[in-house]
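Subject: Handover of a structure and summary of findings

Dear colleague,

Please find below the structure that I am handing over to you.

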Amino acid sequence: MIEFNNISKRFGEKIVLNNVSHVMETGKTNLIIGTSGSGKTVLQKCLVGLFEPDEGNILYDGVSFTEMNEDERKMLRQQIGMLFQGSALFDSMTVEENIKFPLDMFTKQNNTEKLKRVNEVLERVNLSGSNKKFPAEISGGMKKRVGIARAIVLNPKYLFCDEPNSGLDPQTSMLIDQLIKDITLEYKMTTIINTHDMNSVMEIGDNILYMKDGKKEWTGNSKDIIYAENKNLNQFIFASEFLQGAKKNMMQQQPK
Amino acid sequence: MSFIYHFGRYLIMLKGMFSKPENPKLYWKEFMHQCSEIGIGSLGIVCIISIFMGAVSAVQTAYQLVNPLISRIIIAQIVRDTVILEFAPTLVCIVLAGVVGSKIASELGNMRVSEQIDALEIMGINTKSFLVLPKILAALVTIPLLVILSMVLGIIGGRITIAASGIIPTALYDTGLRTEFVPYNVFFAMAKAYTFAFIISSIPAYFGYFVNGGSLEIGRNSTKSVVVSCIVILLADYVLASLLL
């Protein structure tokens, strides 16, 4: 479980996060949603320590992350996996080397054990046989899956995903969503996903935090969202006439 | 204010490099990789410019020494001393600031922009220590070796020109090289080589590590890193010459 209280962050005069508090639950896919510039990426970067919040406290399973020293943070970070928006794979390494890198760095396993683990996670993300390919040789969806494989190779307790669907076609997007959802349950992780993908919200949103202008605007799950009365949220989620029609259908199928 | 900000951040980056490595084997591997990139990768250009600067130095010295009262043997001494004192350490390092410096800045800049540095940070790796320190150490090991090679090739380049053009007999050139040789000059050149190696690697590393923006910024910072490195090399050259000569 990750809990954060009264997180504020400003860059110069601009307030990017304004007193945001929420609890990210274990074994659930926790979504941070909001329009571009609403502060969700900054919030996620604060949670993993890439940015220092100006105010507020972050607790990982009750232990204060904000008060940890650098060594304690390094230890905790070995329990964190992160999938970046652009996948952030190391260009000069093959898929296998990318996934093996955290094992090389942090474990004392021999090479056979490491390769066995690499093949396990590659199989888990349906990429068996892609070991020797370079990131430049694989598609965007495959890169995301390699990113997920690298993020979970050390069996992390916490998984962060920054816009995992960006740049993907709807079908691949759904596969990535389902993969993240399945892995979350399988590894009993606390998963935090930044997204503005409507399908992700409806399909895997166990615990949703909607942000607007750096503030927490609404929380709930994918069922609650259909009946949410928050005007900004409705404008964001059901932006087009098509989606408003879909909302009406969903309301008929899932009465309150 | 901007200079103080950048200098302070540069010093903090250097301080941040020193931490216990997460896995010394991987750090060693990265260090060897950088030695190969910086040392072997620059070998060709260093050989070419060294031979030509020795050759040009010999021709131009001979051109200026028209007074019959001055012994022609001095051509060899001038070639030797200018190559050892200035051309090999300074000129080669200025060229390397372009070759190696832009490579370091753009490599780190690209890693920053594509979030690869963030990915390493999230894994719990000290990125300054893992990415910057091996580059600086590799430069400190390989660049002085390249400077020594450049000294040898510069002097050989001069000899080739002398032999080809017949300015003076090669035997006279060889005698001139051994006449009034001051070993301290080599020590001075090596002091410059180590100083410049640190400048060539650390300044571009700073500009690359702290790139903010996209590919345009990588290009800008890469150029800026070469310009700043060259200026600092020339400044350091003057300071070292004032202090050590």
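Two residues are taken to be in contact if their C-beta atoms, placed from the backbone, lie within 7 Å. On that basis, the contact between the chains takes 15 residues from chain A and 13 residues from chain B. On the side of chain B that touches chain A, the largest share comes from helix α4 (residues 116-122) of chain B, with five residues. By class, that side of chain B has five nonpolar, four polar and four charged residues. Please bear in mind throughout that this is a predicted model.

Chain A holds an open sheet of six strands with mixed pairing, in the order β6-β7-β8-β3-β9-β10. The edges are formed by β6 (80-83) and β10 (215-220) of chain A; each has a single partner strand, so one side of each is left without a neighbour in the sheet. From one strand to the next, the twist averages 20 degrees.

Two pairings within this sheet may be described in detail. Strand β3 (residues 29-33) of chain A pairs with strand β9 (residues 207-212) of chain A in the parallel sense, over four bridges. Here I32(A) has L209(A) in β9(A) as its bridge partner. By contrast, β9(A) and β10(A) pair in the antiparallel sense over five bridges, and I208(A) stands opposite G220(A) in β10(A). These two strands, β9(A) and β10(A), form a hairpin with two residues between them, and D213(A) in the turn has a positive phi of about 50 degrees.

At the β6 end of the order, helix α5 (residues 140-152) of chain A lies across β6 and β7 (158-162) of chain A and runs at about 175 degrees to β6(A).

In chain B, helix α2 (residues 24-64) and helix α3 (residues 74-113) pack at an angle of about 145 degrees, their axes being 9 Å apart. The crossing of α2(B) and α3(B) is right-handed. The contact of α2(B) with α3(B) has 19 nonpolar, six polar and no charged residues.

Which residues have the most contacts inside the largest nonpolar core? They are M82(A), A149(A), V92(B), I143(B) and I200(B), in a core of 124 residues. Helix α3(B) gives the most to this core, with 17 residues. Leaving aside neighbours within four places in sequence, M82(A) is in contact with V48(A), A151(A) and F160(A), as well as with A119(B) and I122(B).

Yours sincerely

Notes: Residues are numbered from 1 along each chain as its sequence is written. Chains are lettered from A and ligands numbered from 1 in the order in which they are written. This is a predicted model: local features need pLDDT of at least 70, side-chain atom pairs count only at pLDDT 80 or more; totals for chains, interfaces and linings use all residues. Axes are lines fitted to C-alpha atoms, for helices over the stretch in contact, and angles run from 0 to 180 degrees between N-to-C directions. A crossing is left-handed if the near helix is turned anticlockwise from the far one by less than a right angle, and right-handed if clockwise. Ala, Val, Leu, Ile, Met, Phe, Trp, Tyr, Cys and Pro count as nonpolar, Asp, Glu, Lys and Arg as charged, and the others, Gly among them, as polar. Two strands pair if DSSP finds at least two bridges between them. A nonpolar core is a set of buried Ala, Val, Leu, Ile, Met, Phe, Trp, Tyr and Cys residues joined through C-beta atoms within 7 Å. A residue is buried if 20 or more other C-beta atoms lie within 10 Å of its own, exposed if 12 or fewer, and partly exposed in between; C-beta atoms are placed from the backbone.
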